[in-house]
Amino acid sequence: KQILILNGPNLNMLGIRDPAVYGSDTLASIESNLRKLAEGMEVTLQFLQSNHEGVLIDAIHGAYGHVDGILINPGAYTHYSYAIRDALAAVSIPTVEVHLSNIHKREEFRHLSVIAPIAVGQITGFGAYGYEMGLMALYHHILAKDK
Ligand code: DQA
């Protein structure tokens, strides 16, 4: 199985950016934890972080036909990118949404996710570990679909 792990804007700044909210792990360490976790699964992981909406959309389009699942932290695009949502809906690849912080207990503008309605589910508030939860949940979902 092929899983694409997408991270949106400002997530390249993890470790530096507001550690009280996002924790001290860097994106590189999160990715290495995911690689370790994936050793116990029959999956190949691909990683992409971008600060550009169109780059994320191109990656989603490029996944069509050969990627079995997408794990995405869309960053602030979560709250307003109909374009990323439409791209995910267009390719109909099962998607799990992940956030380090609990978006529901932060500022009002973060409460809405325009991605959530087209996602399999959302994991929010468990810090870096949420990515591992998300990968396990996505993998389980993909395997369950094959049965
Ligand atoms: C985030 C939450 C978003 O509101 C924020 O804009 C981010 C990170 C999170 O992982 O908690 O960039 O997606």
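1. Arginine 110 sits in the loop between strand 4 and strand 5; strands here are DSSP runs of E with at least two residues, helices are runs of H or I with at least four, and both are numbered from the N terminus. This arginine 110 counts as partly exposed because it has 17 C-beta neighbours inside 10 Å. The scale is simple: 20 or more other C-beta atoms within 10 Å of a residue's own make it buried, 12 or fewer make it exposed, and anything in between is partly exposed, with C-beta atoms placed from the backbone. Leaving out residues up to four places away in sequence, arginine 110 touches His79 and Ile103, where a contact means C-beta atoms, placed from the backbone, within 7 Å.

2. A word on what you are looking at. The model is predicted, so local features need pLDDT of at least 70 and side-chain atom pairs count only at pLDDT 80 or more, while totals for chains, interfaces and linings use all residues. Residue numbers start from 1 along each chain as its sequence is written.

3. The unreviewed entry lists Asn73, His79, Asp86, Leu100, Ser101 and Arg110 under "binding site". These positions are spread over 38 residues of sequence and are spread in space as well, up to 24.1 Å between C-alpha atoms. Please keep in mind that UniProt positions are given in the numbering used here, that feature names are shortened, and that annotations may be inferred rather than shown by experiment.

4. Which residues are around the ligand? They are Asn10, Asn73, Gly75, Ala76, Thr78, His99, Leu100, Ser101, Ile103 and Arg110, taking a residue as near if its C-beta atom, placed from the backbone, lies within 6 Å of the molecule. By class, this shell has three nonpolar, six polar and one charged residues. In that scheme Ala, Val, Leu, Ile, Met, Phe, Trp, Tyr, Cys and Pro are nonpolar, Asp, Glu, Lys and Arg are charged, and the others, Gly among them, are polar.

5. Is leucine 100 buried or exposed? With 24 C-beta neighbours inside 10 Å, leucine 100 counts as buried. Beyond residues up to four places away in sequence, leucine 100 touches Tyr22, Gly23, Gly127, Ala128 and Gly130.

6. Next, the "active site" feature, which the unreviewed UniProt entry places at Tyr22 and His99. Although spread over 78 residues of sequence, the two cluster in space, with a largest C-alpha distance of 9.1 Å. Tyrosine 22 belongs to helix 1 (residues 19-22) and is partly exposed, with 19 C-beta neighbours inside 10 Å. Apart from residues up to four places away in sequence, tyrosine 22 touches Leu14, Arg17, Leu100 and Ser101. Histidine 99 is in strand 4 and is buried, having 24 other C-beta atoms within 10 Å.

7. In helix 3 (residues 53-63), Leu56, Ile60 and Ala63 are buried. Why are they on the same side of helix 3? They cover an arc of only 60° around the axis, which puts them there; the arc is that of the directions from the helix axis to the C-beta atoms. An α-helix has 3.6 residues a turn, so residues three or four places apart point the same way. The face turned away from the buried side carries the exposed residues Gly54 and His61. Strand 1 (2-7), strand 3 (69-73) and helix 4 (82-91) are included in what covers the buried residues of helix 3. Just after helix 3, glycine 65 takes a positive phi of about 90°.

8. Tyrosine 139 is in helix 5 (residues 129-146). With 22 C-beta neighbours inside 10 Å, tyrosine 139 counts as buried. Its contacts, leaving aside neighbours within four places in sequence, are with Met41 and Val43. The C-alpha atoms of tyrosine 139 and glutamate 42 are separated by 9.1 Å, although these residues are 97 apart along the chain.

9. Finally, the overall picture. The protein chain has five helices and five strands, running β-α-α-β-α-β-α-β-β-α from the N terminus on. Buried residues make up 33% of its 147 residues.

How values were computed
Contact = placed C-beta atoms within 7 Å.
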